[in-house]
Amino acid sequence: MEYKSLGCRINYKGDLMKKKYPAVVEFIGDPKSYILACEDSSLRYCRDCEILPTCIKKHNMCEFTPNKHYNAYFLEYWQGRRNSIHVTCNTNEIVDFIPFEDFEIIEDVDEVLSNKEAIVRCITHEYDSSLFDIKYNKKYKAIGISRNPDKQYTYLVMDESMDCYFYPNHFFEIVEDRDDILDRENGIFVYDKSLFID
């Protein structure tokens, strides 16, 4: 059970977790790149559709509007580079894996768009036979912490795929965490909008 008051959230263990302000960013990218695909497509964007050159349907709903401000929550690794922003769009839902270069930071009071990260070492053999997950005794970058519905903590880690995925925290030992981003009370909690003041 959670209780909210005075800019803090009390989690199920009774820990007091400070709520943060999301960053405010302005869209400066090309809106044509963010025209949403029609209902006939399983793709998110019109630009990725194979029949785009011959399509006769009108597409005019864009995910972002030039010069409009949006809330942003954190930066994630995508293909080895930390250049992917989690940000609200025109429907007010949070979308991810959006290029950070398409936005300009207007305000970031709580530094949620920082590049802070921890170093963790894998201590499990669970994924030894997998090509793109984590390898025993190898070090990885962790950029945040989360708690799943079973109230188990997970770390968001850039694994062998060079993208970020959640893994149980007990699969790792913390090698270095100067900014306490993996701290269970004051760490960088990701994918949890309830921790932000909107």
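## The β9–β13 sheet

In this predicted model, five strands make up an open sheet that runs β12-β11-β10-β9-β13, with antiparallel pairing. The edges belong to β12 (164-168) and β13 (172-176), and each of these pairs on one side only. Going from one strand to the next, the twist averages 45 degrees.

Now zoom in on the β12 end of the order.

## The β4–β8 sheet

There's another open sheet of five strands to look at, this one in the order β7-β6-β5-β4-β8 and again with antiparallel pairing. Which strands stand at its edges? Those are β7 (94-99) and β8 (103-107); each has a single partner strand, so one side of each is left without a neighbour in the sheet. As for the twist, it averages 45 degrees from one strand to the next.

## Where β8 meets β4

For β8, the strand to look at is β4, made of residues 23-27. How many bridges join β4 and β8? The answer is four, and the two strands pair in the antiparallel sense.

A handy residue pair for finding this place in your viewer is F27 and F103: the bridge partner of F27 in β8 is F103. Keep in mind that β8 stands at an edge of the sheet with a single partner strand, while in the strand order β4 sits between β5 and β8.

Definitions and conventions. Residues are numbered from 1 along each chain as its sequence is written. This is a predicted model: local features need pLDDT of at least 70, side-chain atom pairs count only at pLDDT 80 or more; totals for chains, interfaces and linings use all residues. Side-chain values use heavy atoms; hydrogens and water are left out. Two strands pair if DSSP finds at least two bridges between them. Axes are lines fitted to C-alpha atoms, for helices over the stretch in contact, and angles run from 0 to 180 degrees between N-to-C directions.
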